[in-house]
Amino acid sequence: MAPYFMIIIFAITGIIALLAALFNWGWFFTAQNAQYVVKLYGRQKARFIYGALGLVLILMAVYFYLNTPTS
């Protein structure tokens, strides 16, 4: 169960980051954690960075799901 829990966390986090980048969610990019990236690179580049990060996390979740041994 523990590996699948981490896979779900990766997938949900990736989906949220990707959707926030696509739809330019204000609450996401004004959050304290995202402000560092927004101040450093600007909002448009931060959207690209979070979109790419979201894709990477989703792909990691798929990879781990396909390569997790079943009992």
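The model is predicted, so local features need pLDDT of at least 70 and side-chain atom pairs count only at pLDDT 80 or more, while totals for chains, interfaces and linings use all residues. Residues are numbered from 1 along each chain as its sequence is written, and side-chain values use heavy atoms, with hydrogens and water left out.

- Helices (H or I, at least four residues) and strands (E, at least two) are DSSP runs, numbered from the N terminus.
- Helix α1 has 22 residues and spans 32 Å from its first C-alpha to its last, close to the 32 Å expected at 1.5 Å a residue.
- Helix α4 has 24 residues and spans 34 Å between its first and last C-alpha, close to the expected 34 Å; the expected span is 1.5 Å times one less than the number of residues.
- In α1, the buried residues are I7, G14, A17, A20 and A21; buried means under 20% relative accessible area, exposed over 50%, and partly exposed in between (1.4 Å probe, protein chains only).
- The cover over the buried residues of α1 includes α2 and α4.
- In α4, A46, R47, Y50, G51, G54, L57 and A61 are buried, and their cover includes α1, α2 and α3.

**The nonpolar core**

- The largest nonpolar core has eight residues: A20, F28, F29, A34, V37, V38, A46 and Y50.
- Helices α2 (26-29), α3 (32-41) and α4 (43-66) each supply at least two residues of this core, and the largest share, three residues, comes from α3.
- Such a core is a set of buried Ala, Val, Leu, Ile, Met, Phe, Trp, Tyr and Cys residues joined through side-chain atoms within 4.5 Å.
- Core residue Y50 is in contact with A17, L18, A21, F28, F29, N33, A34 and V37, leaving aside its neighbours within four places in sequence; contact means heavy atoms within 4.5 Å.

**The crossing of α3 and α4**

- Two packed helices are described by the angle between their axes and the distance between the axes.
- The axes of α3 and α4 come within 7 Å and cross at roughly 125°.
- Axes are lines fitted to C-alpha atoms, for helices over the stretch in contact, and angles run from 0 to 180 degrees between N-to-C directions.
- Helices α3 and α4 are therefore oblique to each other; angles under 35 degrees count as roughly parallel, over 145 as roughly antiparallel, 65 to 115 as roughly perpendicular and the rest as oblique.
- From α3, N33, A34, V37, V38 and Y41 meet R43, K45, A46, I49 and Y50 in α4.

**Single residues**

- I9 lies in helix α1 and is partly exposed, with a relative accessible area of 36%.
- The C-alpha atoms of I9 and R47 are separated by 21 Å, and the two residues are 38 residues apart along the chain.
- Q35 lies in helix α3 and counts as partly exposed at 23% relative accessibility.
- Not counting residues up to four places away in sequence, Q35 touches F29 and T30.
- Q35 and A46 are 11 residues apart along the chain, with 9.3 Å between their C-alpha atoms.
- N24 lies in the loop between α1 and α2 and is partly exposed, with a relative accessible area of 30%.
- Most residues other than glycine have a negative phi, whereas phi of N24 is positive, near 55°.
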